[in-house]
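Look at the model below. This walk-through takes a pocket and then a helix pair.

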Amino acid sequence: SHPIAGRASDIFAFGVTLYELATGRHPWQMGGLSVKNDEPMPPIEGDFSGRFIQPIQACLQKEQSQRPTADTLEKWAKFYIENGY
């Protein structure tokens, strides 16, 4: 199957959005073509905690089965909001 098609595509798109909000740029210069060609996700530079970066990296996994579920993302977000890191 296509790496970003199907049910997990919203999770992938959410990861792209978070990456863009954090860095001000798209994670891959060539968009979907870069993903298809197995280019690694560029690092997220800046003063961000691992708890902020981890969900973004998880959402941008090429393999759908390696991406978090919406429930997992909600738990991560609640923890981040309640604890501030």
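**The pocket and the helices around it**

The lining of the largest pocket holds 10 nonpolar residues, no polar ones and 1 charged one. Keep in mind that this is a predicted model. The volume of this largest pocket is about 200 Å³.

Which residues line the largest pocket? They are Phe-14, Leu-18, Arg-51, Phe-52, Pro-55, Ile-56, Leu-73, Trp-76, Ala-77, Tyr-80 and Ile-81. Arg counts as charged. Helix 1, helix 3 and helix 4 (70-83) are the elements that give two or more residues to this lining. Helix 4 supplies the largest share, 5 residues.

Now turn to two of these helices. Helix 1 spans residues 9-23, and helix 3 spans residues 50-59. They pack at an angle of about 135 degrees. Their axes lie 7 Å apart. The crossing of the two helices is left-handed.

Which residues make the contact? Helix 1 brings Ile-11, Phe-12, Phe-14, Gly-15, Leu-18, Tyr-19 and Ala-22. Helix 3 answers with Phe-52, Ile-56 and Cys-59. By type, the contact of helix 1 with helix 3 has 9 nonpolar residues, 1 polar residue and no charged ones. Gly counts as polar here.

Technical notes
Residues numbered from 1 in each chain as written. Predicted model: local features only at pLDDT ≥ 70, side-chain atom pairs only at ≥ 80, totals over all residues. Heavy atoms only, no water. Axes fitted to C-alpha atoms, helices over the stretch in contact; angles between N-to-C directions. Helix = DSSP H or I, 4+ residues; strand = E, 2+ residues; numbered from the N terminus. Left-handed = near helix turned anticlockwise from the far one by under 90°. Contact = heavy atoms within 4.5 Å. 1 Å grid on protein atoms, 1.4 Å probe; cavity = no way out; pocket = protein on both sides within 12 Å on 5 of 7 lines; lining within 4 Å. Points joined across faces, edges and corners; volume = space filled by probe spheres on them.
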